[in-house]
Amino acid sequence: MRPSRLPSELRNTSFTYREALRRGAARNRLYARDLEITTNGFRRPVHGVLRPADEIRALAVLRPKDTFAQFTAALLQGVPLPREYERPWPVHLSSPPGTAPSRRRNVVGLSLELWEDEIRFLDGLRVTTPARTWLDLARVLGIEDLVIAGDHLVCAHPQGFPAPRLPWTTPDALRVMLVRHPRARGIIRARQALDLIRVGADSPRETKMRLAIVAAGLPEPELNVMLRGEFGQPVLWPDGAYRNHRISLQYDGDPHAGSRQYRRDIDRAAVTESLGWTEVRLGASDLHGTPPRAALRVGQALHRAGWRPGNLP
């Protein structure tokens, strides 16, 4: 027998046992197989894909004074994370001073010293701010993953780009957070990572590409560069560039792109050449090896353009 339909307010979100009863759901309905009891007093639909905020929303009712933090806050703010941290469970919750951390199943209870301005409301949930979230990730993540997270949070594109983008936070705000919490766990890694964070990287692979190039002793490519046409109009927006040597770097993330994308890539390379620039197109396979093939290919392009070690980029 199919279970009865849930009240409409509960079908696409998590909810508490008491909330369901209050909205008219029968008690036996709350033990049907299409609901998961992820933690005590908590229910979520098994079928369908919930937004991260809806996946955990009921915990805000069960722990109204707690703040979603660390990996959960990162997930809510779209931060790219290593695969083992991409799922919403277990949830990371920080309790206020004087309150015992949560001991619920599938919940990691934290006791973070959060300043008032380190908490924000996002989609109706209490969440650590982007800068504070990044600092808390330094407790666990390595430097490269911290740089990837930081690049995501500070990424911005000015007007003139196909998709202008506002940042979640700024490098200055990250720096303030480090000064504010000099004894935080992972503070040394956070300081090292902050020196490598740049504004303008759209994806983890673009960040890895830049880090590989720099680690190989090559000059760092510039981000957020616009190539302009004959009349000064924006024409191309490379993922990285060396203005002095007129080299553009383009990272193509999908090795199985269709014929339409292939045609666009050819057109883009032709436009780049017509502007007197050289395009170096890189893909996922170029990030492998020691040093990665990306560094070798970029180094070759720079040498052909006249760059030598010790020269300016």
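Is Trp89 buried or exposed? Select Trp89 to find out: Trp89 is buried, with a relative accessible area of 12%. Buried means under 20% relative accessible area, exposed means over 50%, and partly exposed lies in between (1.4 Å probe, protein chains only).

Before moving on, note that this is a predicted model, where local features need pLDDT of at least 70 and side-chain atom pairs count only at pLDDT 80 or more, while totals for chains, interfaces and linings use all residues. Residues are numbered from 1 along each chain as its sequence is written, and side-chain values use heavy atoms, with hydrogens and water left out.

**Stop 1: the aromatic pairs**

The structure holds 4 aromatic pairs. Rings of Phe, Tyr and Trp (its six-membered ring) pair if their centres lie within 6.5 Å; planes under 30 degrees apart count as stacked, over 60 as edge-to-face and the rest as tilted.

Phe42 and Trp89 pair edge-to-face, 5.2 Å centre to centre, with 80° between the planes. Phe42 is in strand E3 (residues 42-45), and Trp89 is in the loop between helix H3 (70-76) and strand E5 (91-94), 47 residues apart. Helices (H or I, at least four residues) and strands (E, at least two) are DSSP runs, numbered from the N terminus. Phe42 is buried too, at 0% relative accessibility.

Next, select Phe71 and Tyr85. Their ring centres are 4.0 Å apart and their planes are at 5°, so this pair is stacked. Phe71 lies in helix H3 and Tyr85 in the loop between H3 and E5, so the pair ties together parts 14 residues apart in sequence. Phe71 is buried at 5%; Tyr85 is partly exposed at 25%.

**Stop 2: a charge over a ring**

Go to Arg43 and Tyr31. The charged end of Arg43 sits over the ring of Tyr31, 5.1 Å from its centre. The criterion: NZ of Lys or CZ of Arg within 6 Å of the ring centre and within 35 degrees of the ring normal.

**Stop 3**

Two strands pair if DSSP finds at least two bridges between them.

E12 and E13 pair in the parallel sense over 5 bridges. Ile247 stands opposite Thr278 in E13.
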